[in-house]
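Here's a quick briefing for anyone meeting this structure for the first time. Have a look at the model below, then follow the notes topic by topic.

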Amino acid sequence: MRILLIGYGTMNKIVARLALEKGHEIAGVISSSTTDYPAFTNIDDAGADVAIDFSNPERILPLIEKPFTTPLVVATTGKKEEIVAALKERAASAPVFFNANMSYGVHVLNNLLREALNQLDGFDLELVERHHKHKVDAPSGTLVKLLDTALDARQGSYPVYDRSQANEERSDDEIGVSAIRGGTIVGEHDAIFAGHDEVIELKHIAQSKDIFANGAIGAAESLRHKENGFYDYNNIF
């Protein structure tokens, strides 16, 4: 499989390493960085079997606003609504994949959260994410996905991002959202259900960035055989 890399930061460098180990080929890159691979400007220019994006909204949005037919896996976080809307427009002419987190384990976490919300209706819910100090967006795209799941399940609920100015009890309808940045934390996401005299926690801990790269490669391997359309972890395999 010939892969075009969009962005050549930490994550796509890992994708390149793991893809080569799996016997795939790097067709080139779209990046402002200097690399050993051929450089391209548009997605279809490389003649790749699939493109994998780990860049940023400022790079990927202009690319997907132009027509392309190469199967595309997008793993960029930030400006989720804009990216998804643009990808759904392009889904008529290419198979496209987007997921807020490329770890399949996080997909399972979201499913477990949905089930827990059905069974723990009377519990307060707090969502917490932790990442390394270099991550620029907050809350993470993954936590936004978990929050969307919670808001869909609890009609009338709303997120609370800052309690520093609050001088009142917690409302039953609020969902606390917290983002922690520090050190080299790869990624942790917690859903905390706090009830009367008991607490239930759902947690996912990423121990290596390889899980995100392997997830993107796995999605790409499947996507290249799909018909045109919009895909995520609910329908890719």
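Asp197 is found in the loop between β9 and β10 (198-206), and its phi is near 65°, a positive value in a residue other than glycine. Keep in mind that this is a predicted model.

- Another loop to visit is the one between β6 (124-131) and α5, which is where Pro139 sits.
- The peptide bond leading from Ala138 into Pro139 is cis, and its omega is near -5°.

**The chain as a whole**

- If you count up the secondary structure of the protein chain, you get 6 helices and 11 strands.
- How compact is the chain? Its radius of gyration is 19 Å, close to the 18 Å that the globule rule gives for 237 residues, so the chain is as compact as a globular protein of that length.
- Of the 237 residues in the protein chain, 49% are buried.
- Take the contacts between residues at least 6 apart in sequence: 64% of them join residues at least 24 apart.
- The protein chain exposes about 11700 Å², and carbon and sulfur atoms supply 46% of that area.

**The largest pocket**

- This pocket has a volume of about 890 Å³.
- Its lining is made up of 35 residues, and the ones that lie nearest the centre are Met11, Ser55, Thr77, His132 and Lys135.
- Which elements give two or more residues to that lining? They are α1 (10-21), α2 (57-64), α5 (141-153) and β9 (187-195).
- Sorted by class, the lining of the largest pocket comes to 10 nonpolar, 21 polar and 4 charged residues.

**The second largest pocket**

- The volume here is about 260 Å³.
- There are 17 residues lining the second largest pocket, and Phe98, Asn99, Ala100, Lys145 and Asp232 are the closest to its centre.
- Three helices, α3 (80-90), α4 (104-119) and α5, each supply at least two residues of this lining.
- The largest share comes from α4, with 5 residues.
- By class, the lining of the second largest pocket has 6 nonpolar, 7 polar and 4 charged residues.

**Lys145, at the second pocket**

- Lys145 has turned up already, as one of the residues closest to the centre of the second largest pocket. Its place in the chain is helix α5.
- Lys145 is partly exposed, with a relative accessible area of 32%.
- Leaving out residues up to four places away in sequence, Lys145 touches Lys80, Ala100 and Asn110. Ala100 is also among the residues closest to the centre of the second largest pocket.
- Lys145 and His107 are 38 residues apart in sequence, and their C-alpha atoms are 9.7 Å apart in space.

**Phe212, in α6**

- Helix α6 covers residues 210-223, and Phe212 lies in it.
- Phe212 counts as buried because its relative accessibility is 12%, where the cut-off for buried is under 20%.
- Which residues does Phe212 touch, not counting residues up to four places away in sequence? The list is Met11, Phe54, Asn101, Met102, Ser103, Val186 and Ala206. Met11 is one of the residues that lie nearest the centre of the largest pocket.
- Phe212 and Asn12 are 200 residues apart along the chain, with 10.0 Å separating their C-alpha atoms.

**Pro95, in β5**

- Pro95 belongs to strand β5, residues 95-98.
- At 4% relative accessibility, Pro95 counts as buried.
- Not counting residues up to four places away in sequence, the residues that Pro95 touches include Thr69, Thr70, Pro71 and Leu72, as well as Leu223, Lys226, Glu227, Asn228, Gly229 and Tyr231.
- His225 is 130 residues away from Pro95 along the chain, and their C-alpha atoms are separated by 8.8 Å.

Conventions. Residues numbered from 1 in each chain as written. Predicted model: local features only at pLDDT ≥ 70, side-chain atom pairs only at ≥ 80, totals over all residues. Heavy atoms only, no water. 1 Å grid on protein atoms, 1.4 Å probe; cavity = no way out; pocket = protein on both sides within 12 Å on 5 of 7 lines; lining within 4 Å. Points joined across faces, edges and corners; volume = space filled by probe spheres on them. Helix = DSSP H or I, 4+ residues; strand = E, 2+ residues; numbered from the N terminus. Nonpolar A, V, L, I, M, F, W, Y, C, P; charged D, E, K, R; others polar. Rg over C-alpha atoms; globule rule 2.2 N^0.38 Å. Buried < 20%, exposed > 50% of the residue type's maximum accessible area, 1.4 Å probe, protein only. Contact = heavy atoms within 4.5 Å. Areas by Shrake-Rupley, 256 points an atom, 1.4 Å probe, with all protein chains shown as cover.
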